[in-house]
Amino acid sequence: MSVDSPILEEQRTRQVKRQTLRQILPIVATIGVCLIAGACSWLIVKPGDSLLWPMAVDLIIFSFFGALCRLVSALRGTRFGRIGISSIFLGLGAASLLWTYFGVLPASVGFDSASANVARHEVAQAAQGCRLVKQGSVGLLQSPYKICTEIIPRSSRVEFATPDLSQGYAYVSGASENWFSDECSRHLTGHWWAFASDQQAPVTGCPFGYSFHGGG
């Protein structure tokens, strides 16, 4: 008995390690997929574009991963759909969708102090009209882009927009309700907004995630 005990103990230790590894690997894999989905959202989302496609990409990624896990579990004779793992899977999937809808655009400009400084400088210089910027970026908007400044009493708007001025970011100081007439817009964080100028919006609707504001 004294000879067999160390061997049995070692076997039990190995079994515990294998079980722990089997429990940890799905969690790590799910977190990895969540990070991949979040990175894809960061690459796909653009200010003024519909958020429907990026969110659909998140669903496709998690659906493919879930199907793959079920296939591997079936081949190995194990059970993927345990309550704990399933809850983590669904929770991170929901977090990925929330990040795409609520997080990407605000995060893209929330910590962009350089662009905020540019907007404040434009207002301080009482600049009016548009100018083309050929290098650099603002949040998820890559050059070339235009900076357009409009100033009225007690309020101002500095747009960072695509060259055709159809979509982009807006840095609004003061009252915001007067700046998005007949446009689709979405408040992001602080002074930052995203907008899409589409003359067909009253008929076709705004991009998913944006609201239409009729003219005053």
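The buried residues of H4 are Ser115, Ala116, Ala119 and Glu122, where buried means under 20% relative accessible area, exposed over 50% and partly exposed in between (1.4 Å probe, protein chains only). These residues cover an arc of only 120° around the axis, so they lie on the same side of H4. The arc is taken from the directions from the helix axis to the C-beta atoms. The model is predicted: local features need pLDDT of at least 70, side-chain atom pairs count only at pLDDT 80 or more, and totals for chains, interfaces and linings use all residues. Residues are numbered from 1 along each chain as its sequence is written, and side-chain values use heavy atoms, with hydrogens and water left out.

H4 spans residues 113–124 and has twelve residues. Helices (H or I, at least four residues) and strands (E, at least two) are DSSP runs, numbered from the N terminus. From its first C-alpha to its last, H4 reaches 16 Å, close to the 16 Å expected at 1.5 Å a residue. The expected span is 1.5 Å times one less than the number of residues. Ala126 follows H4 and has a positive phi, near 55°.

Several strands cover the buried residues of H4. Among them are E1 (129–133), E2 (137–138), E4 (145–152) and E5 (155–161). Strands E6 (167–174) and E8 (192–196) are also included in this cover. Contact here means heavy atoms within 4.5 Å.

The count of salt bridges comes to four. A salt bridge is a side-chain nitrogen of Lys or Arg within 4 Å of a carboxyl oxygen of Asp or Glu. One of them involves H4's buried residue Glu122. Glu122 pairs with Arg131, and the closest N and O atoms are 2.7 Å apart. Glu122 is buried at 7% relative accessibility. Arg131 is partly exposed, with a relative accessible area of 40%.

With Glu159, the closest N and O atoms are 3.1 Å apart. Glu159 counts as buried at 7% relative accessibility. Arg157 is also buried, at 7%. Arg157 meets the side chain of Glu183 in another salt bridge (3.2 Å, N to O). This pair links distant parts of the chain: Glu183 lies in strand E7 (residues 183–189) and Arg157 in strand E5, 26 residues apart. Both Glu183 and Arg157 are buried. A network of salt bridges links Glu150, Arg157, Glu159 and Glu183.
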